[in-house]
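User: I would like to go through the terms used for this model one at a time, with the grounds for each.

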Amino acid sequence: MLRLNNGRTLYYGKGDVLTYRTYAAPLEVSPIPESAFTGDDNVVFAHNITFAVSSEQLMTSFSEGDNSRIVATDSMKNFILRRAADYEGSTTEGFLAFIGEAFFEKYGHMTAIEIRGDRIPFLSLLVRGPGGLQESELVYRRSHNDHAFAAMTLRRAEEGAEVLDHWSGLSDLQLIKVSGSSFYGFVRDEYTTLPESYDRPLYIFLNIHWRYRDVEDARDSERGGYVPAEQIRDLAQQAFHAYSSPSIQYLITRIGLHMLDRFPQLSELRFESNNRTWETIVDKDAVTSAGVYTEPRPPFGFQGFTMTREDLSDPQFGFDANGLYPVREAKGVAQS
Ligand SMILES: O=c1[nH]c(=O)c2[nH]c(=O)[nH]c2[nH]1
């Protein structure tokens, strides 16, 4: 939230600035064992941008209706779209910082900017070519699945902008694990109606946020420390696959420990999860495992958790960096 020096929150801006830049610089990243993702050709570098500014000098527009220092939000939209043509980098974070710095340069009275970009994913696809199936490089498929995002708060500095706050993330990941999740051993009292479950079809919605130790690694992929949301997605999928999960709380923590272990350039993580466990209509068949389920009814449960690098060596998590995704039995309760 953008605040003035006197503590008052003051901002205005534009949301849903749909920015379809083509042929941005390709992104290349080092591979990790959990993912086949090594980069993005960035032929379609598309974002939904939210942009807000703040300044002491905007006070009179709120107090007196003085628009003399107001850059119309319509002009902000035009500025973002036009400047998108000039971005030479390959990351969302770099793009946001580039727009923010250019805006500061153009409008000398603006002192703070909050900017967020949600990537609009267009996936590459295969077409028939001389040597068999190959990437089209012309036609891309819009995806409504999970997507990457980044957000940053910038303050005018002597030269350019200082990044006051930044988060990168993966939004709206939805995963179902059909077997290998339980939920039992919770408090049972006069309010309990939920039966214990030893093998539930666990459907989760997940948002994962991460912060870099040095935001330069997010802005400039040439430094070699960029963490793509696609690798985070694949790493989360790997942990969901490998752990026998006693709860979503435990599952997101394991995902976080593997993220911190895999990416030493990250300093902090934040998880938001949502429990959408399918409702059972016909129990799993003992022989074929076939079952029938339907959408759960609201209200839905949720979890939140933040983690830092120190958690990797904190004994309470018992994380073994050398043990590859060990299966954990829930504490103190025998599995049936
Ligand atoms: O993984 C879960 N954690 C909970 O805290 C909870 N509560 C609940 O009703 N189901 C679940 N599942």
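**Terms and their grounds**

Analyst: Asp-74 is partly exposed, with a relative accessible area of 40%. This is a predicted model, in which local features need pLDDT of at least 70 and side-chain atom pairs count only at pLDDT 80 or more, while totals for chains, interfaces and linings use all residues. Residues are numbered from 1 along each chain as its sequence is written, and side-chain values use heavy atoms, with hydrogens and water left out.

User: Why is Asp-74 called partly exposed?

Analyst: Buried means under 20% relative accessible area and exposed over 50%, with partly exposed in between (1.4 Å probe, protein chains only). The value for Asp-74 is 40%, so this residue is partly exposed.

User: What makes the pairing of Asp-74 with Lys-77 a polar contact?

Analyst: A polar contact is a pair of N or O atoms within 3.5 Å; within protein, one must be able to donate a hydrogen and the other to accept it, and residues adjacent in sequence count only if both atoms are side-chain atoms. The side chains of Asp-74 and Lys-77 make such a contact at 3.1 Å, and that distance is within the limit.

User: Why is His-166 called buried, and what does the side chain of His-166 reach?

Analyst: His-166 has a relative accessible area of 7%, which is under 20%, so the residue is buried. The side chain of His-166 reaches the backbone nitrogen of Tyr-212 at 2.9 Å, and Tyr-212 is also among the residues that His-166 touches, including Ala-151 and Met-152.

User: How do you know which residues are around the ligand?

Analyst: A residue is near a molecule or strand if one of its heavy atoms lies within 4 Å of it. The residues around the ligand are Phe-183, Leu-194, Arg-200, Ser-247, Ile-248, Gln-249, Asn-275 and Gln-303.

User: Which distances to ligand atoms are found for Arg-200, Gln-249 and Asn-275?

Analyst: A polar side-chain atom of Arg-200 lies 2.7 Å from a ligand oxygen, whereas a ligand nitrogen is 2.8 Å from an N or O atom in the side chain of Gln-249. For Asn-275, the distance from a side-chain N or O atom to a nitrogen of the ligand is 3.4 Å.

Conventions. Contact = heavy atoms within 4.5 Å. Lists of a residue's contacts leave out its neighbours within four places in sequence.
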